Number of protein chains: 2
Amino acid sequence: MLNKKFTLAGRPIGRPISDDDFDYKEEELRNINDRELLLENMVIEFQPAQKGWMENISNYVAPLEIGDVMRCSGIARVLDSKSKKFKKGDIVSGQTCWQTHPIMNEDDIELIEDTDMPTAYLGALGGTGLTAYFGVTKISKPNPGDTVIVTGAAGGVGSLAGQIFKIAGCNVYGIAGGKEKCEMLINDFGFDGAIDYKSENLNESLGKFCPNGADIVYDNVGGRILNDCLLHLALNARIAICGIISRHKTDNMNFGPENYSNLIFKRATMQGFLMLDYVSETVVARKKMKKWIEDGKLICKEDLREGFENAPDTLKGLFDGKNKGKQLLKIAD
Amino acid sequence: MLNKKFTLAGRPIGRPISDDDFDYKEEELRNINDRELLLENMVIEFQPAQKGWMENISNYVAPLEIGDVMRCSGIARVLDSKSKKFKKGDIVSGQTCWQTHPIMNEDDIELIEDTDMPTAYLGALGGTGLTAYFGVTKISKPNPGDTVIVTGAAGGVGSLAGQIFKIAGCNVYGIAGGKEKCEMLINDFGFDGAIDYKSENLNESLGKFCPNGADIVYDNVGGRILNDCLLHLALNARIAICGIISRHKTDNMNFGPENYSNLIFKRATMQGFLMLDYVSETVVARKKMKKWIEDGKLICKEDLREGFENAPDTLKGLFDGKNKGKQLLKIAD
């Protein structure tokens with residue numbers, strides 16, 4: 001049997017991701033060893049952090065080397081097992097990477113018992129959801145009645161963060177690109193308002209929604225959008241720096257938020273974070289998130305594309321704002 | 001008798017301060033009323049915040065209007081008193097502003113009992129010292145052994161902040177412009193190292209002094225210097241944004257620190273503050289600072305110029321980095 005895979009061929013530093021950054025390869029599958037499993041990758045997930053892994057800037061996770069299979073999380077079916085922990089047919093999650101048939105060690109995967117919502121383990125119950133949860137609870141520290149701005153609000157993390165802020169009793173305004181996404185924020189996710197940065201004057205709209213400034217800015221975007229948000233801070237505002245997806249765009253690549261000066265006048269705090277720092281609390285966090293999903297308070301919208309060959313294009317689309325909700329790619333049924 | 005004064009004539013927004021931003025005026029002194037005092041302004045102080053007052057951006061203190069006497073703190077002698085709290089000859093401190101003979105209400109001034117160090121009330125025991133003290137203790141939160149970078153380290157706030165970090169057991173490296181200032185940091189203020197940003201490659205020198213990154217950056221400067229510091233952060237670093245004196249330079253006026261992205265990778269916190277937020281704690285803070293001065297642990301170096309007519313030029317010099325230590329101007333003996 002053949003394993004199809006994409007490996008890293010280039011580092012997109014200071015430029016957008018291109019097709020040349022990946023090599024497509026096919027290889028004969030080797031036999032599995034003791035404690036290993038052969039998996040069929042079913043669904044893989046996409047997140048902006050993947051560009052950081054490709055660039056390998058600041059070594060914030062184990063480096064991805066040129067020639068390595070492109071890293072991502074996925075949901076897979078066990079085809080063959082030499083592990084006592086898993087049996088053929090089990091559905092598991094783990095870093096299955098951009099390949100059709102991963103061979104993985106039993107220690108590197110997790111059994112999904114809840115097979116009625118397996119893809120949630122790539123969204124609300126995976127890294128995306130945990131990033132949103134810890135960014136809200138640990139960094140943004142919401143109080144009921146706080147005014148919150150979420151940027152990249154229609155994305156995987158943004159849409160979940162906004163909903164968690166709503167659960168915390170905040171007034172939540174989302175920034176997204178396009179009318180359709182903005183309607184989704186209000187109708188699907190229950191945001192109190194939405195700003196289409198593509199058609200509106202962002203500065204004016206922020207002034208309307210936040211006449212007294214925002215207590216919290218949850219930022220996934222950076223660049224000029226963050227810079228405008230920094231002009232609309234309340235005293236003691238918290239700005240959670242979750243990601244900088246705008247770095248993908250050439251004209252934003254080296255854009256620093258000059259309005260950081262407002263941090264002084266508003267005695268505000270801008271803080272970066274990674275969900276990795278809170279691993280000891282993920283069990284509790286997941287339990288809460290799961291309950292919210294079951295109670296219908298938290299919706300994890302999935303943007304599901306199909307076809308393994310579309311992996312590079314799907315990742316590029318993420319940086320062009322094409323996804324509505326969490327970007328997933330179906331590889332096998 | 002005549003009161004000579006400088007009033008605000010222009011707002012230096014998006015540009016350096018110019019002579020045209022002030023009007024020089026002379027006026028006959030009126031008689032003082034009950035609870036008022038006639039003062040002779042002896043020494044006035046300069047600080048970067050004055051440009052912010054002139055610009056009146058973000059209204060972070062009571063606005064300074066066009067035509068108002070330029071605001072500053074000063075030390076003055078009581079020439080005439082209709083207050084029961086003060087008598088002729090007393091030395092007082094308060095917002096005496098850019099004028100030779102202020103008339104002030106008894107509630108707006110403070111008696112200086114320590115007449116052996118009156119100018120300390122414009123430096124280490126005034127707003128400058130309190131800004132350094134609270135920026136260190138409330139925002140930077142130093143631990144013994146922490147590596148600290150102070151920018152604008154030869155200035156009023158920077159030199160005091162660096163010394164307080166030393167008292168807190170930190171390893172302190174200062175950035176300043178010119179060899180003379182750098183020698184002062186090490187020889188006078190006891191810094192562990194100094195970087196001359198004018199003659200050295202800042203990025204390289206930071207790498208040498210902070211091979212594992214800085215736990216704290218105490219920033220008075222902003223612009224490209226802050227941006228370089230952001231590349232040298234330790235995990236969980238704190239960046240205290242105290243001021244942005246580089247905004248005075250045209251080429252830095254709208255410079256945003258693009259390396260704020262490192263806040264994510266290093267899980268770092270960038271926080272603005274004003275000492276005004278800690279007024280309830282100033283008595284305790286001053287007591288500590290005074291003890292440190294008496295014990296020789298804290299030196300408040302004063303850069304004393306002379307002549308009231310030089311006030312505008314002295315303020316401009318502050319933004320050109322001409323001062324070594326706290327900038328003061330002597331108006332009367």
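Angles between axes under 35 degrees count as roughly parallel, over 145 as roughly antiparallel, 65 to 115 as roughly perpendicular, and the rest as oblique. This is a predicted model, in which local features need pLDDT of at least 70 and side-chain atom pairs count only at pLDDT 80 or more, while totals for chains, interfaces and linings use all residues. Residues are numbered from 1 along each chain as its sequence is written, and chains are lettered from A and ligands numbered from 1 in the order in which they are written.

Helices (H or I, at least four residues) and strands (E, at least two) are DSSP runs, numbered from the N terminus. The axes, lines fitted to C-alpha atoms over the stretch in contact, with angles from 0 to 180 degrees between N-to-C directions, of H2(A) and H3(A) come within 8 Å and cross at roughly 45°, and the two helices are therefore oblique to each other.

| Helix | Residues |
|---|---|
| H2(A) | 127–140 |
| H3(A) | 156–167 |

Between the chains, where contact requires C-beta atoms, placed from the backbone, within 7 Å, 26 residues come from chain A and 26 residues from chain B. Helix H7 (262–265) and strand E13 (269–272) of chain A each give two or more residues to the side that touches chain B. E13(A) pairs with E13(B) in the antiparallel sense over three bridges, pairing being defined by at least two DSSP bridges, and A:Met270 stands opposite B:Met270. Because 100% of the interface residues of chain A are also interface residues in chain B, the copies meet through the same surface.

Note on methods. Two residues are in contact if their C-beta atoms, placed from the backbone, lie within 7 Å.
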